[in-house]
Amino acid sequence: MSIATRGLQFREPLIFEVSSPGRTGHSLPASCVEASGDVALPAGLLRQDAPAWPEVSELEAVRHFVRLSQQNYGIDVGFFPLGSCTMKYNPKVNEDVARLPGFADLHPLAPTSWTQGALELYATLERYLAEITGFSAVSLQPAAGAHGEFTGLRLIREHLITTQGTPRAKVLVPDTAHGTNPATCKMNGYATVPIASADNGLVRPEDVAAVMSDDVAAIMITNPNTLGLFESQIKEIADIVHAGGGMVYCDGANMNALLGRGRPGDMGVDVMHLNLHKTFSTPHGGGGPGSGPVCVNDALEPYLPVPRVVRGADGAWTVDFDRPATIGRVKAFFGNFGMHVRAYTYIRELGREGLLDVSGMAVLNANYLRVKLGKTYNVVQDRVCMHEVVLNDKHQRRDAGVDTRDIAKAIIDQGFHPPTTFFPICVHNAIMIEPTETESKDTLDAFIEAMETIDRDARANPDGLRQAPLKPIVGRLDETRAVRQPVLRWSPKAG
Ligand SMILES: Cc1ncc(COP(=O)(O)O)c(C=O)c1O
């Protein structure tokens, strides 16, 4: 049975609905601490009624949460081809190392004389990432890709204020960009100037030159871009922006396609972010905690967030706050240190040859899917791609009247997580597939077969396909209602 259908075998109701007065899952001893008037909370802060928690036994609570975990889909249970999100397997050795008490139990305020090992790991990971990306310095503080973007553009802003007396007003953003790029511009006080990519899916230097001006602070360019294509004219584009007094930001979310083969720092880029949770196999979690290190060249290094982990004159690791040009902190303490331990472990485990294999397999797998799926689906840019391939519903819409949404829902019934859909927005009804390097040929073949089945089903019974998904515990949602009237938390029934 596929994981998507597993929900059907459960017969137990949700614990919130089975509360039985007096039933309990715990027995705590009476408190031996007397309530003290000194620490009593102000009356206004005390609740008048007991919370309306469900009253259930331990067994009911355990079944509820284990069942929920089994109804969930994750990379540890199946193929998760979510383009641009890089849902690749996170090796368990990373978890083992992150759980070592010397790392897991560290207090961020512990004196540096107690934390030499952790500080060394931190500084060494920065050095590894600088070497891999071709930059002079790295800050591990940002907590996600978008946070790295915010930090990176902030560094550019500070640099322009210092060197030109103005942050300038605009940032150039290609139409293949992730939504976080324009959001980052806005958060940093910049207007975005969109650049349409050419018919071949790439940014053309002449289009950049046409909009470059004294007002432009930077270009934010994603490489490889979200069509899964390498921006081959990145150097010419960087030269144009630099000649106009601006800087080049690279969204490095797709660095798993370049590992060991190309370094953005050698391509004219001034600053980029990495998503450790994509390229370096740390967990995505439910939106976090993640890590989005920012990598910079010499010009931007003085502005990096504090503290910096450095070696003192005595050779011991220490933290340096004395950096007059810094933009300050962007995150408490050192960022999400557990993620740094995992990424460090991954790099050490793989070594140089292993990292080369990562990019090689990521690209090979994406191209395998491109060629095989191209027999039934429209491939938007049908030439050698990098880490991901973008299809759309052109053939199925024309021949059977089913669209990207129907196809994505039908994939759930086939037992797989759907790919990213309707992104990048420059592609009509995009289906964006990123297999990642961790999947075997057998898994890719099973996915191809599922996609071919969907194409056949669409032609034989389009109305049936429009009902999908039928197998999971939750069917097709009313997406309009979900947006307009979202129910985001459980509330007890009145009475
Ligand atoms: C190309 C690209 N840029 C930026 C981001 C933002 O990264 P994060 O989700 O870590 O904030 C993503 C996320 O998927 C992405 O795909």
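**View 1. Val390 stands opposite Met432 in β13.** Strands β11 (residues 389–392) and β13 (residues 430–433) run antiparallel and are joined by four bridges. Strands are DSSP runs of E with at least two residues, helices are runs of H or I with at least four, and both are numbered from the N terminus. This is a predicted model, in which local features need pLDDT of at least 70 and side-chain atom pairs count only at pLDDT 80 or more, while totals for chains, interfaces and linings use all residues. Residues are numbered from 1 along each chain as its sequence is written, and side-chain values use heavy atoms, with hydrogens and water left out.

**View 2. An open sheet of four strands has the order β10-β11-β13-β12, with antiparallel pairing.** Its edge strands, each pairing on one side only, are β10 (378–379) and β12 (420–421). Two strands pair if DSSP finds at least two bridges between them. Helix α10 (residues 337–373) lies across β10, β11 and β13 and runs at about 25 degrees to β11. Contact means heavy atoms within 4.5 Å. Axes are lines fitted to C-alpha atoms, for helices over the stretch in contact, and angles run from 0 to 180 degrees between N-to-C directions.

**View 3. The largest cavity has a volume of about 40 Å³.** The structure holds one cavity of 30 Å³ or more. A cavity is a set of points on a 1 Å grid over the protein atoms alone where a 1.4 Å probe fits but cannot get out; lining residues have an atom within 4 Å of a point. Grid points are joined across faces, edges and corners, and the volume is the space filled by probe spheres set on them. Val390 is one of the lining residues, which also include Leu227, Leu229, Arg370, Val379 and Glu388. By class, the lining has six nonpolar, one polar and three charged residues (nonpolar: Ala, Val, Leu, Ile, Met, Phe, Trp, Tyr, Cys and Pro; charged: Asp, Glu, Lys and Arg; polar: the others, Gly among them).

**View 4. Seven strands form an open sheet of mixed pairing in the order β1-β7-β6-β5-β4-β2-β3.** At its edges, β1 (137–139) and β3 (191–195) each pair on one side only. Val171 stands opposite Ala218 in β4. Helix α4 (residues 116–133) lies across β1, β6 (271–273) and β7 (294–296), at about 125 degrees to β1.

**View 5. 25 residues of domain 1 are in contact with 23 residues of domain 2.** The domain assignment gives domain 1 as 93–347 and domain 2 as 352–484; such bounds come from an automatic or database assignment.

Terms used: 1 Å grid on protein atoms, 1.4 Å probe; cavity = no way out; pocket = protein on both sides within 12 Å on 5 of 7 lines; lining within 4 Å.
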